[in-house]
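Please look through the model shown here before reading the notes on it. The briefing goes by topic, from the overall fold to individual contacts.

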Amino acid sequence: MDPAKSTLARQIGAARSLPVLDLDEAYWHTSGSKRETPEAKSAVMEFTDNSGWIVEGVFENLLEIALARATELVWLNLSWEACREGLLRRGPHYRMDPRDPRALQDWEDRLDPHLRCVIQTGLIG
């Protein structure tokens with residue numbers, strides 16, 4: 001099984017016939033620029049207004065909205081290597097050069113310590 005949280009969320013969503021929200025989609029525009037926080041929070045609130053959903057991601061200010069409405073929590077403790085592979089796969093979408101290991105490490109270093117890539121979260125409501 002792919003160790004990625006997004007893959008696991010999609011698999012659980014398919015098995016339970018539940019919609020899945022990847023917080024990357026709420027946090028980032030498709031252009032790769034960051035959404036304003038109120039807009040991102042609104043998207044999560046609207047998605048979790050109904051029962052029966054899955055939210056996955058690492059953005060604390062968005063997770064707290066879903067966590068308050070969740071009935072289950074799935075917590076993955078992935079290695080840096082597994083997280084790095086996922087970042088390299090999707091990095092170009094967020095204007096990150098996957099050939100630049102310093103940029104990847106700088107991104108990781110800027111994260112709040114309890115949101116580091118080794119702590120991955122998925123919520124089920």
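What follows is a short account of the chain, its helices, its ring pairs, its charged contacts and a surface patch.

This is a predicted model, in which local features need pLDDT of at least 70 and side-chain atom pairs count only at pLDDT 80 or more, while totals for chains, interfaces and linings use all residues. Residues are numbered from 1 along each chain as its sequence is written, and side-chain values use heavy atoms, with hydrogens and water left out. The chain contains 6 helices and 4 strands, where helices (H or I, at least four residues) and strands (E, at least two) are DSSP runs numbered from the N terminus.

**Overall layout**

- Read from the N terminus, the elements follow the order α-β-α-α-β-α-β-α-α-β.
- Of the 125 residues in the chain, 40% are buried; buried means under 20% relative accessible area, exposed over 50% and partly exposed in between, with a 1.4 Å probe and protein chains only.

**Helix H1 and the residue after it**

- The 12 residues of H1 should span 16 Å at 1.5 Å a residue, and the end C-alpha atoms are 16 Å apart, which agrees; the expected span is 1.5 Å times one less than the number of residues.
- The buried residues in H1 are Lys-5, Ser-6, Thr-7, Leu-8, Ala-9 and Gly-13.
- Thr-7, which belongs to helix H1 (residues 5-16), counts as buried because its relative accessibility is 15%.
- Thr-7 and Glu-56 are 49 residues apart along the chain, and their C-alpha atoms are separated by 9.9 Å.
- H1 is followed by Ser-17, whose phi is positive, near 55°, and this is a residue other than glycine.
- Ser-17 sits in the loop between H1 and strand E1 (20-22) and is exposed, with a relative accessible area of 67%.

**Aromatic pairs**

- The whole structure holds 2 aromatic pairs, a pair being rings of Phe, Tyr and Trp (its six-membered ring) with centres within 6.5 Å, where planes under 30 degrees apart count as stacked, over 60 as edge-to-face and the rest as tilted.
- Tyr-27 and Trp-28 make an edge-to-face pair, with 5.0 Å centre to centre and 75° between the planes, and both of these residues are buried.
- Tyr-27 and Phe-59 make a stacked pair, at 3.8 Å centre to centre and with 10° between the planes.
- Because Tyr-27 lies in helix H2 (residues 23-27) and Phe-59 in the loop between strand E2 (54-57) and H4, this pair ties together parts that are 32 residues apart in sequence.
- Tyr-27 counts as buried at 17% relative accessibility, and Phe-59 is buried with a relative accessible area of 13%.
- Through these ring pairs, Tyr-27, Trp-28 and Phe-59 are linked into a cluster.

- The structure holds 3 salt bridges, each defined as a side-chain nitrogen of Lys or Arg within 4 Å of a carboxyl oxygen of Asp or Glu.
- Glu-72 forms a salt bridge with Arg-16, and their closest N and O atoms are 3.0 Å apart.
- That pair links distant parts of the chain, with Glu-72 in strand E3 (residues 72-77) and Arg-16 in helix H1, 56 residues apart.
- Glu-72 is partly exposed at a relative accessible area of 35%, and Arg-16 is partly exposed at 42% relative accessibility.
- Arg-35, in the loop between H2 and helix H3 (37-47), is buried with a relative accessible area of 18%.
- Arg-35 forms a salt bridge with Glu-39, the closest N and O atoms being 3.0 Å apart, and Glu-39 counts as partly exposed at 38% relative accessibility.
- The side chain of Arg-35 also reaches the backbone oxygen of Glu-25 at 3.3 Å and the backbone oxygen of Trp-28 at 3.5 Å.
- Arg-69 and Asp-49 meet through their side chains in a salt bridge of 2.9 Å, N to O.
- Arg-69 lies in the loop between H4 and E3 and Asp-49 in the loop between H3 and E2, so this pair ties together parts that are 20 residues apart in sequence.
- Arg-69 is partly exposed at 32% relative accessibility, whereas Asp-49 is exposed with a relative accessible area of 54%.

**Nonpolar surface patch**

- Leu-67, Leu-73 and Trp-75 form a nonpolar patch on the surface, with about 340 Å² of accessible area together.
- Patches are made of residues with over 30% relative accessible area and no salt bridge, like charges being joined within 9 Å and nonpolar side chains (Val, Leu, Ile, Met, Phe, Trp, Tyr) within 5 Å; accessible areas come from the Shrake-Rupley method with a 1.4 Å probe, and for residues only the protein chains shown count as cover.
- Leu-67 is found in helix H4 (residues 60-67) and is partly exposed, with a relative accessible area of 48%.

Definitions and conventions
A polar contact is a pair of N or O atoms within 3.5 Å; within protein, one must be able to donate a hydrogen and the other to accept it, and residues adjacent in sequence count only if both atoms are side-chain atoms.
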